[in-house]
Amino acid sequence: MTEPDQHKDEYRDPEAVGADVDAAVIDGVVDDLRDVPQTDVHLSRPFIDGLQEAMKLEDRDEVLSMFEELHAADVADILEVLPSVKRVRLIEFLGDKIDPDVLTEVEGEAQEELYEHLPNEQIADAVTELETDDAVYVIEELEASDREEVLQALASDDRAAIEENLSYPEDSAGRLMQRDLVALPEFWTVGQAIDFLRSDNNSIPKDFYDVFIVDPSHHPVGTLPVSRLMRSQRGITIADIMKVDPYLIDATTDQEEAAYQFTKYHLISSGVVDGNGRLVGVITVDDVVDVIEEEAGEDILALAGVGEESGLNENFLEITRSRFAWLVINLGTAILASTVIGYFDATIEQMVALAVLMPIVASMGGNAGTQTMTVAVRAIATKELSSTNAFRVTMRELTAASLNGVALALVSALVAYLWFGGATLAIIFGVAMVVNIFVAGFSGMAVPMVLHKLDIDPAIASSVFVTTITDVVGFFAFLGMAAFILL
C-alpha cells in the first residue's frame, strides 16, 4: 500500500513541467505494450510431441527454449494436459525457470503436483513476486505444513500482509483483494500526484486504475481514475476533480456478492475497507472475472449433480467420490417414483399401453421442470428474482407452462389415439400431460426459491427435488386416472 508523506511540499514547478501528458508517459505505455504477448500458443499435437521428444532425449535446453516465450497461462495448460508422469518430469526440467504466475494459473491435479514437487523455498520466492491476492491464493492451496514453512520464509512485511488477508473468511473480498494501491491526500494538486506516481518508488503498484483519496485516518473520501488525473491541469487540487462518496466493499463481503456489485455498477476497481472503515485493499476487475467464471462453473456442475472436484484436471478418485453421493440420492428418488408405479402394477398388467406411455409423461414433466428451474436458479444468482417480483415471475412461468401443457397435450393425445386407437386413453394421456407440465412449472420456480430462503444453494439441491416431484406427479396422475376411468 502506498501513501506518500502528506507534508512533503517540494515539487517541480507546474509551468516548467507542462500540463499535458508528456513523452515519458507515452514511452511508458509503449513499454507496457511490448510486454503483451503477440501470439497465442495452442496446444497443438506437433508442439506436445516435440516437447515429449525433448524430455525423452534429456534435452533441457530445448525444453527451456520451447517455454521461453510462453505465457504463464499457456504453461499451465500444458501441465494440465500432460499425464502425471510426464507432468512431473516437465516440472523437474523447468525447475527454477517456472514463472511465478504459473502457480496461480494451474488447476486441479496438475496444481497439486506442481506445488508438491517445487521446493518450498522456490514457492516462497514466487509468492514475494505476486500481488497479494495471488499470493494468498497460492498459500491457501498449500498443505498445512508447507504453508507454514513458506510463510516463515517470507519477509516479515510480506508475511504480515498475507496473514491478514488469510484472517478474513474464505471466499470473501478480504481474500480476493490486493493490498498494493495508491492513496493520496485530497489537498494535493494534480501536478504533485503525477510527480509522485512517476517517482522511483518501489511501493507503487505496477498496474492500477484508480487513485484513492483518503483523510488523515486513512478513511477513503473519494477516488480519482488515472485517466482523469492525467488529463487534468497540474495546478488543480485533487479534491476538485475526485469522485466523492466512492463505492466501497467491506472486507467480509462474500466474493460472489462483490462480483455482483462490480457487474451491476460497472466497476473497474473498488476499494476494500475493514470494520472501522479504513482502506485496506483494492479489488480489480480481472479478479472479479475469475470469480464470475468460478461461480458460474460451480453452478453448472451443481445443477448436474456433480461437485467442483469433477473438473477435467481432477483426480479420478475425487471425481468418483463427489459423483457417487449424488447418484445415491438420485437412486433414492428413483425408488420413490417406482413405488408409485408399484401401486398400479395390476392396472399396468391389464393395459400394456400404460407402460408404453407413462415414461413420456414423466419425461416431459422433467424437461419442463428443468427449464423453469434453470431460469429460476440463474435469476436468483444474478439477483433478478426477489420477494418483490417473485409472484409476478411465478405467474408468468405458470402461464407459459399451462400453454405449453395444452399444446403438448393435443399433440400427445393425437399420437396416443393413432398409436393405440383408444379415445379415452388419449384424453387421459393428454390431461396427465397438462397436469404434470403445470406442476413442473410451479415446482421449477418454488423449489429454488424455498431453498434460497432456507440458505441452501438452489443450484445444488433443486434438480433432485424437481425431478422427483415431476416423476411422482406424472406417474400418479396418468396411472391414477387410467385406473379410475378405464378399469
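Predicted model: local features only at pLDDT ≥ 70, side-chain atom pairs only at ≥ 80, totals over all residues.
Author: Two strands are said to pair if DSSP finds at least two bridges between them.

Reader: In which sense do β6 and strand β7 pair, and over how many bridges?

Author: Strands of a sheet pair through backbone hydrogen bonds, in either a parallel or an antiparallel sense. Here β6 and β7 (residues 279–284) are antiparallel, with five bridges. Within this pairing, Val-282 of β7 is the bridge partner of Gly-271. Five residues lie between the two strands of the hairpin, and Gly-277 takes a positive phi near 80 degrees.

Reader: In which sense do strand β5 and β6 pair?

Author: Strand β5 (residues 248–250) and β6 are parallel partners, joined over three bridges. Leu-248 is the residue opposite Gly-271 in β6. Together with α17, the strands β5 and β6 make a β-α-β unit, and this unit is right-handed.

Reader: Which way do the residues of β6 point?

Author: In a regular strand, side chains alternate between the two faces of the sheet. In β6, Ser-269, Gly-271 and Val-273 point one way, while Ser-270 and Val-272 point the other way. Residues count as buried when their relative accessible area is under 20%. Five of the five residues of β6 (residues 269–273) are buried, so the strand is largely enclosed by the rest of the structure.

Reader: Let us turn to the helix. Which residues of α17 are buried?

Author: An α-helix has 3.6 residues a turn, so residues three or four places apart point the same way. In α17 (residues 255–265), the buried residues are Gln-255, Ala-258, Ala-259, Gln-261 and Phe-262. These residues lie on the same side of α17 because they cover an arc of only 160 degrees around the axis.

Reader: What caps the N-terminal end of α17, and which residue follows the helix?

Author: The cap is Asp-254, which has a side-chain oxygen 2.8 Å from the backbone nitrogen of Glu-256. After α17 comes His-266, with a positive phi near 55 degrees.

Reader: What is the order of the strands in the open sheet?

Author: The four strands of this sheet run in the order β1-β2-β3-β4, and their pairing is mixed. Its edge strands are β1 (183–185) and β4 (243–244), each of which pairs on one side only. Strand β3 (residues 220–225) and β4 pair in the antiparallel sense over two bridges. There, Gly-222 stands opposite Val-244 of β4.

Technical notes
Residues numbered from 1 in each chain as written. Heavy atoms only, no water. Buried < 20%, exposed > 50% of the residue type's maximum accessible area, 1.4 Å probe, protein only. Arc of directions from axis to C-beta. Polar contact = N/O pair within 3.5 Å; in protein donor to acceptor, adjacent residues only side chain to side chain. Right-handed = clockwise from strand over helix to strand, strands pointing away.
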